[in-house]
Every structure is written in structure tokens, then in C-alpha cells.
Amino acid sequence: MPTWRSLRRAPWTPPSSLSPCSRSLAAWWTTTPRARGSEDGGEPKAFVSVNWVLTEQPLDLETELALGFLNYLMLGTAASPLRKALNDSGLGESIIGGGIEDELRQPVFSLGLKGVKEEDAGKVEALITETLERLEKEGFTQSAIEAAVNTIEFSLRENNTGRFPRGLSLMLRSMSAWIYDRDPFQPLKWQDDLEKFKARLAAGEDVFGPLIRKYLLDNQHRVTVELRPDASLSEQIEKTEQEKLQAVRSGMGESDLEGVVKATQELKERQETPDTPEALACVPSLHLSDIPKKIATIPTAVTDAAGGATLLTHDLFTNDVLYLDVALDMRPVPQTLLPLVPLFCRCLTQMGTAKESFIELTERIGRKTGGLSVSPSIMSRKDSAEPVAYVMVRGKAMADKAGDMLDIVHDILLTARLDDKERFKQMVLETKSSMEAGVVGAGHSFAGSRLDAQRSLAGWASEQMGGISYLDYVRGLAQRVESDWEGVQADLEAIRKALLQRRGVLVNMTADETTLRLATAHVDAFLGSLPANSAGAASWQAELVRQNEALLVPTQVNYVCKAANLYEDAGYKLSGTSYVINKSLSTSWLWDRVRVVGGAYGGFCDFDTHSGMFTYSSYRDPNLLKTVDVYDGTVDFLTSLEMTDDELSKAIIGTIGDVDAYQLPDSKGRTAFMRHILGVTDEERQQRRDEILGTTVRDFREFGEVLAAVRDKGQVVAVTSADKLEAAHAERPGFFGAVKKVV
């Protein structure tokens, strides 16, 4: 046997950081696992996914780029042929899988449909294969290729990482290669490979057909997964788990049980014991003296435009990119049509215009811009019961294509087709499928939206266009499209008529001075093309009943929210100190009690300073009523809180980190735009900053008294399962005043 001395003298061999590659399969195969399903019956809920491992070894960067372009051509937009073929087939409700995933050591391709009838499962696979065969033979139009090249190159050159720092983004991009022992700088050196790829396209080479043939059609390393619903599976899993636990329990002696109890107590004590000052001192930190006392401002010029419109411009360096927002006043839209607005927005870019098809419009957007979207936005404004509501058209383009972008905005607003029944029906089904998945996977957002809808008009309207009420509406709309398409189309046209008026339009542009000056002429022409109508605000008057509500879905975890309006229920006057306390609660009390001790994936709170709503939320939470008790315990926690000067400083600095969050020029321009819409002045921002920096322990304790309003007057909405609801009512009969089965 070797001794430690002989081992010490042995040459050191570094361990391999790589797991072995998956070997290619000799033939593709199909598997049919089961999934938890609803007991409703009748509705197709199966998932079908076709999956490939593309290669045994890592790809070179040029091939990765080529496959990325191919993926965009096939699936990148609603008009892309493979995506469109699946959507138009009627075989399922929505697409699953995004095509190529190339951040793994071995790139994979995955695509399929959800909401498939079991008898149609084989048809999904056949359709994917047939479409790939056709694309390999026929290729893609030159217009589609140009749109793909422009879109992807624009994205690469813009390198827009949102609020995520660019340096960290580059590091993570490097890590995708480095962790597999590849050159970490290679993913960043895309310019030369892109030029080579574009040169091949310009020379007329068939680049994409061979890729489809090699990596997909002739690739036997392929598995088709047919995930079939089983309404009894949840019960079977629960039963099996209980039987296993009982078997383990039966085999334990008295000393074993005492050991488990002792270990549990020790774990709980460890979880509830704060880190020592010595341990915390090891973490690098800033000091309050490092924090700027003055707010950072964003250059903003506001001018009146023709016909009652308003133009905001922000002179910032953007590397010759123009960022554009066009806000159309939504208040003239009748209350009954609000749930239809999100789908109306999709229609504007996904049905074509009077002079071009849906595919042609999509390709023009891809060729001329870096992206364009349309969506509704509803917000509360402090000290006003009336909501701020707009349909936002947002786009970005190079400076020399500013006119092209505004031409597209003009065309989609004034001439977009709203008559494609089959396309609209598919949008409805996609929305329905996405919403149902969202309730199960992100129930806290739906529960929070439900609480907002109980307390404000803005919250109610938002819930009508994105919450449980919207899901109910979409389900009914799927039937109405078949029975009353003319009525649906008339409602879509009524929304357009209500929105299209020059008065009240806001245009927001972010770019350098030269680009802004050139773009302004195009903006003037666009505004001049809008109707000079002047419809007033429609009457919106509705809120949900204030009550505790349980939303039932098939789930093993809960999403628990409790909220109240601090302005109305506690008479609270806004102070910047609340920003510090809100953030501190999410990283201390709620983190420790809901996540660490309670076992939830997340526990946090949010104070909407515009509406006054203070909301506690938990994410993937094994508890229900215990979590509500933690929320209510916040009052005692804050009113008896003791903090060292160092702890208080860290809380303040962490809050400033959110207030002064990293922003790229486009985000700065839109932040200034939102402040203008919501009436937030720089003077108020400076006041809040002063209050943040001056926060004391006494402010924490006083805010605890304010939160007594949430404890005593707040409502609870939980996304949960039928069995967990039954257990909650057994413990506290009648706790939930309303129960709604959602999925």
C-alpha cells in the first residue's frame, strides 16, 4: 500500500474538468413519460418535443454563428417558417423549446408543441421533419436572410445587456467556453467569423441547407418525448412518498428518532442564528461616505408638438442608435374592451398591413430596425385615483434608418390588418397556454395582481389585461372567435379608433444631438399622419371584491401574497426611509423566515410608492398559513429591532444600489420618460435620496407600526392546490372567503 510520503513524491496530474460527451445514438427513439394532469378531462394537455444532440464535439465559432442564423430563420419570429408551420397546424396550443441551445458542451436542438391530443403526437414529429425537408430543399428568401443578418448583427454590435453590467455579461459569455476548456476569448471574437459568414452568403453559397441536412435530418442522435397527462399521478406520487417515509420511520429505533429531532433542532438554531460580526467583516463593503449625496440626472428636453402631442428627447451617446417610444393614450378605450387590448397589440405586428403580408412586414422590421414591439402599460400615479394608461410602441434602429422605423410605426398603427381569423385564433390559444403555465410556475405574480385589483382602478385594469381575469376572458374568447368572429373584429377596430388620435400622444427619443435633430423631421411627419380626433377618457369603474382568495392549480408548492394600501389603510406619508426598510425586510426577516427556515424558494416584499400597495410574496413555498403568520410577525420584528451602525449602513448602501442601478442609454431615456409620465420630479427624487441616506433605526420601528395595517386589514391571495387548501381550512375554517379553480 502506498504511503503518504510516496504519494507526495508522485507527479501531480490535474483532474479533468470535463464530463464525457454523450455518444451518438445508432437510431432515434421515442419515450412516453407521464406528467401531472388536470382532472377536468376533455382538454388536450399532452406535450410533444423532438430533440437532437447536434455533435459529439464543440463547434467552431463560424459554425455556431451559422447555426444561430439558421435558428433565427426557422424560429426567430412568428413569421419564421418552422414556427409558423407548427402554429398554423392546429395540432397544439403553443410551441415549446426554442431550437438551438449552444451554451452546453454539446449543443442541442429542441422543438415541439404543448396542448396536443394524444392521437396527434406522431403528427407533430412528422410535421417538424417534413418542414425541415422542405427548408433544406427550398431554402429561405433573400429578404428573410437579410432580416436575420441585420437583426443578429444589430444585437451583437449593440450589446444591450439591460440593467445587467456589460462587463459581467462578457465574463459570463466567456465562461460558456472556458468551463469546457475552450478559449474564453473566442466567444467575444465574432467580428471576423461574421464577416466570413456574410461573404459566403454574398457569394451565393447555400449555407443553410447543408446545416439542416447534417445536424438535423441525417442526425440519428434524436429523441422524441411524448409527455402524457395523468390526472392520478399527483396522488400516486404523494402515496408513494408517504409509503417510503413510513417504511423509513418503521425501521427507526428510539435513539434514531431522538437523533432526527436533535438534528432538526440544531438546524433550526443554526438557521436562526445571525452571522457573527467577524464573519460579516470578511465581506468587502462600501461606506456611506462613498455614496454620492446628489441624484444623477438624465438630460431631458420636453417640447410641444403639433396637434397636442408632446416630444421628449434625451441627448445621450448611443453609438448611432435611435431608441424610440410612442405612447398612445389608452383612456378612450371602453372598459369592456380592455381585456382585448393585449391581443390587439399583437395583431399590429403579426397580421400584416394593407400593402404587405404578415411575413413581409416581419422581414421589413428585421431589415430596417433592431426590433419593434407594441404592448399596453397601466400604472398608478401618486395622489390620483385615475390610472395612467398607454399603448406603447417601442423600437430601435440605426440613425440612418430612423425614417424607415417611423414609416413602419405609421403602417402598423394606421393600416395593420385585423381580419385574419386563423392567425388571431392561434394568438388566443398561445396566450391561453402561456397564461396557464404562468399561473403554475409564477403564481406569486398572479396573486399579487389579484390583490392590486382589489384596491385600485389601475390594479383592476392591469389584472384585466394580464391576470386571472384575463385568462378567463381569453378562454371565452377562444370560443367567441368561432361563433362571432365579425364581432371580435369589430371590437379590434373599435380599439384602434379609440387609440388613434394625435392629441395626447407622447414621443420619446434617446440618441445623440445629431441623430435627434435628423429624426425630429420624421416624427413631425408621423404625427401629422395621425387623425386629429379628440376623444375623452372612457369611464372605467371597477375593482375586485376585497377578500381572501385561494386560486387552485395542480401544484406541490404555494405562492402566498398578503397586501394592503399603506396610504389608505395606515395614513402613511411617503418617505425615502421606506425604500431602505422594504429592501432590508426582503434580505433579513423574510429571507430568514420564509426561505431559510420555511423552505420556500423565495420570500420578499414590495412597496409600490405610486399606488401605496405593500405586498408580501412567497415563491414555491411549502407552507401556506405559516407564511401568513411570518408576514404578520413583521410588525413585532420591526418594532423591537436592534441594529448596529454597520448593519444600518449596509442596508442604506444596498438601497442606493437599487436607486442608482446600472443603466445603458436606452434605459436612461425610458426611465426619464416614465418619470415624466408619473410626475416624478428631480426635486422629489433628491428629497427621497436625502431621506434614504438619513434613515435611522427609529424609522424601522415606526414603519413596523405602519405595517400593522397589513397585518390587521390586509387580504391574502394564494395560488395553491386543493389538498393544501383543505388543510388550511381545517386549521382555520373560513380563512379564504373565495375559492377559484384556475387550472
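Predicted model: local features only at pLDDT ≥ 70, side-chain atom pairs only at ≥ 80, totals over all residues.
**View A. R620, a residue with positive phi in a loop.** At a relative accessible area of 30%, R620 is partly exposed. Look for R620 in the loop that runs between β16 (613-619) and α24 (625-632). Its phi is near 45 degrees, a positive value, and R620 isn't a glycine.

**View B. D320, another non-glycine residue with positive phi.** Here the backbone phi sits near 70 degrees. D320 belongs to the loop between β8 (310-315) and β9 (321-329). With a relative accessible area of 43%, D320 falls into the partly exposed class.

**View C. A patch of negative charge on the surface.** Four residues come together here: E238, E241, D723 and E726. Two helices, α9 (233-250) and α31 (722-731), each give two or more residues to the patch. Take E241 as an example: this residue lies in helix α9 and is partly exposed, with 40% relative accessible area.

**View D. W589 and F637, a stacked aromatic pair.** The structure holds 17 aromatic pairs, and in this one the ring centres are 4.9 Å apart, with 20 degrees between the planes. The partners come from distant parts of the chain, 48 residues apart: W589 sits in helix α23 (residues 589-597) and F637 in helix α25 (residues 634-639). Buried or exposed, what is W589? W589 counts as buried, at 13% relative accessibility. F637, at 23%, counts as partly exposed.

**View E. Y616 and Y631, a stacked pair between a strand and a helix.** The ring centres lie 4.7 Å apart and the planes meet at 10 degrees, so this pair is stacked. Y616 is in strand β16 and Y631 in helix α24, so the contact ties together parts that are 15 residues apart in sequence. Y616 has a relative accessible area of 1%, so this tyrosine is buried. Y631 is also at 1% relative accessibility and counts as buried.

**View F. The aromatic cluster around the Y616 and Y631 pair.**

Definitions and conventions
Residues numbered from 1 in each chain as written. Heavy atoms only, no water. Patch = residues over 30% accessible without salt bridge, like charges linked within 9 Å, V, L, I, M, F, W, Y side chains within 5 Å. Areas by Shrake-Rupley, 256 points an atom, 1.4 Å probe, with all protein chains shown as cover. Salt bridge = Lys/Arg side-chain N within 4 Å of Asp/Glu carboxyl O. Lys, Arg positive; Asp, Glu negative; His and termini not counted. Charge placed at Lys NZ, Arg CZ, Asp CG, Glu CD. Helix = DSSP H or I, 4+ residues; strand = E, 2+ residues; numbered from the N terminus. Buried < 20%, exposed > 50% of the residue type's maximum accessible area, 1.4 Å probe, protein only. Phe/Tyr/Trp six-rings, centres within 6.5 Å; stacked < 30°, edge-to-face > 60°.
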